Amino acid sequence: MVTAAVLVDLRGAAEFPGHRHQRRGQQAALIEIGKRHFAPLKEFPEASAFWWPRFTRIARWFASFEQARRAGITHLDIEAGGIREIPLGDDKFTLRTRADRIERRKDGTYAILDYKTGAPPSDK
């Protein structure tokens, strides 16, 4: 899905998350990333006509969301992973995780966001 690809691309865009960016700049950055991912749909004008307006609406919303969230955080980790070993008698259980976004809020609390853009977890 194009939206998932855009979010993955956005995670790698180090410039997007900076506090110095205003909402309009963030929206423009998303639109440019979206144009790259929508380019293959040019051969399917009906798909492009259906999805592009939705994507631009989401880009506007996400830029506003991002600007509002940034105002309340002091630190941001993207794609943060962790491992915790939990002893179980003579054995241990290993818990592995990856959060799309962990925010340290100005009030000292944390917010963990997990964007649902990929495939469901495997049965492993």
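The expected span of a helix is 1.5 Å times one less than its number of residues. Helices (H or I, at least four residues) and strands (E, at least two) are DSSP runs, numbered from the N terminus. The model is predicted: local features need pLDDT of at least 70, side-chain atom pairs count only at pLDDT 80 or more, and totals for chains, interfaces and linings use all residues. Residues are numbered from 1 along each chain as its sequence is written, and side-chain values use heavy atoms, without hydrogens and water.

The chain holds three helices and three strands. Their order along the sequence is α-α-α-β-β-β.

Helix H3 covers residues 45-70. Its 26 residues should span 38 Å, and its end C-alpha atoms lie 36 Å apart, which agrees. Buried in H3 are Phe55, Thr56, Ala59, Phe62, Ala63, Glu66 and Arg70.

The largest nonpolar core has seven residues: Leu30, Ile31, Phe38, Leu41, Phe55, Ala59 and Phe62. Such a core is a set of buried Ala, Val, Leu, Ile, Met, Phe, Trp, Tyr and Cys residues joined through side-chain atoms within 4.5 Å. Helix H2 (23-38) and H3 each supply at least two residues of this core. Ile31 is in contact (heavy atoms within 4.5 Å) with Trp52, Phe55, Thr56 and Ala59, leaving aside its neighbours within four places in sequence.

Conventions: Buried < 20%, exposed > 50% of the residue type's maximum accessible area, 1.4 Å probe, protein only.
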